[in-house]
Amino acid sequence: MVFPAKYSELNALELTEEARKVLTRIIRVAFPHPQIPDGPYQRMMQKIIEVSEESRWFRMALTQGLMTLDSLTEEHFLDLPDERALAVLKRVADLEFFGFIRRTTVLNFYEDPEVCELLGYEGESFSKGGYINRGFNDLDWLPEPRIEESEETLTEVGPLPYQLAAKSPGEGIEAVEDLFKGTDKVEGAQSL
């Protein structure tokens, strides 16, 4: 890890352009969606930077973590193929800076209107009258159900392994008004 005492740039208020590219790449590798263009990832990078400005601790952790990534491999993080970049992120998954990136991305990335549209989310339904008439039965991701009856014959399971009662148990038994009547009294007890 890189320590703040050695590097005064950790206290800088602006991340370098290189650090911004690394942060964007981290988000893309950690949340891979090939159909989503760079725009939402860049907006998410900017959102992470804005949230980190609210706390010096998160700013320090973010800056320190971004500087540390390149020390984990012989190559520059931006030059790594996706599989190796993901392996590097798995190594830092327990660090505070990556937890901060992950939390912020999970809470904000999927609220981006462009991301919602590309993933097929139509938004909340209440203001549009609900889903009953707006795709409740849109099951285009499932195969069509079989409507006709099957030609297969049903297998007979045979006789039950126990006897069935010939009559209902209520015949010949007197009805009881209150089954638990009188059970609230204890023999030998005195009332006050």
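A nonpolar patch is made of residues with over 30% relative accessible area and no salt bridge, whose nonpolar side chains (Val, Leu, Ile, Met, Phe, Trp, Tyr) are joined within 5 Å. A salt bridge, in turn, is a side-chain nitrogen of Lys or Arg within 4 Å of a carboxyl oxygen of Asp or Glu, and accessible areas come from the Shrake-Rupley method with a 1.4 Å probe, where for residues only the protein chains shown count as cover.

The structure is a predicted model, in which local features need pLDDT of at least 70 and side-chain atom pairs count only at pLDDT 80 or more, while totals for chains, interfaces and linings use all residues. Residues are numbered from 1 along each chain as its sequence is written, and side-chain values use heavy atoms, with hydrogens and water left out.

**View 1. A nonpolar patch on the surface, formed by Leu160, Tyr162 and Leu164.** Together these residues have about 350 Å² of accessible area. Tyr162 lies in the segment after helix H6 (113-119), and with a relative accessible area of 51% Tyr162 is exposed (exposed means over 50%, buried under 20% and partly exposed in between, with a 1.4 Å probe and protein chains only). For the protein as a whole, the accessible surface comes to about 15,200 Å², and carbon and sulfur atoms account for 55% of that area.

**View 2. The helices of the protein, with 6 helices and 0 strands.** Helices (H or I, at least four residues) and strands (E, at least two) are DSSP runs, numbered from the N terminus, and in this protein the elements run α-α-α-α-α-α from that end. Of the 192 residues, 28% count as buried. Where contact means heavy atoms within 4.5 Å, 67% of the contacts between residues at least 6 apart in sequence join residues that are at least 24 apart.

**View 3. The largest nonpolar core, a set of 31 residues.** A nonpolar core is a set of buried Ala, Val, Leu, Ile, Met, Phe, Trp, Tyr and Cys residues joined through side-chain atoms within 4.5 Å. The members of this core that touch the most other members are Leu23, Ile26, Ile27, Leu62, Leu66, Phe77 and Phe97. Two or more residues of the core come from each of helix H1 (17-30), helix H2 (38-52), helix H3 (56-69), helix H4 (82-91) and helix H5 (96-108). When its neighbours within four places in sequence are left aside, Ile26 is in contact with Leu66, Leu69, Phe77, Leu89, Phe97, Phe98 and Ile101. In soluble globular proteins, nonpolar side chains tend to be buried together.

View 4. Thr104 is buried, with a relative accessible area of 7%. A polar atom of the Thr104 side chain lies 2.8 Å from the backbone oxygen of Phe100. Apart from neighbours within four places in sequence, Thr104 is in contact with Met44, Ile48, Val51 and Phe109.

**View 5. Glu18 of helix H1 with His76 and Leu78.** Glu18 is partly exposed, at a relative accessible area of 37%. The side chains of Glu18 and His76 are joined by a polar contact of 2.3 Å (a polar contact is a pair of N or O atoms within 3.5 Å; within protein, one must be able to donate a hydrogen and the other to accept it, and residues adjacent in sequence count only if both atoms are side-chain atoms). Although Glu18 and Leu78 are 60 residues apart in sequence, their C-alpha atoms are 9.2 Å apart in space.

**View 6. The salt bridge between Arg25 and Asp82.** The N to O distance between these side chains is 2.8 Å. Arg25 lies in helix H1 and Asp82 in helix H4, so the pair ties together parts that are 57 residues apart in sequence. Arg25 counts as buried at 13% relative accessibility, whereas Asp82 is partly exposed, with a relative accessible area of 48%. The count for the protein comes to 7 salt bridges.

**View 7. A network of salt bridges that links Arg43, Asp112 and Glu114.** In the salt bridge of Asp112 with Arg43, the closest N and O atoms are 2.8 Å apart. This pair links distant parts of the chain, with Asp112 in the loop between H5 and H6 and Arg43 in helix H2, 69 residues apart. Asp112 counts as buried at 12% relative accessibility, while Arg43 counts as partly exposed at 41%.

Terms used
Patch = residues over 30% accessible without salt bridge, like charges linked within 9 Å, V, L, I, M, F, W, Y side chains within 5 Å.
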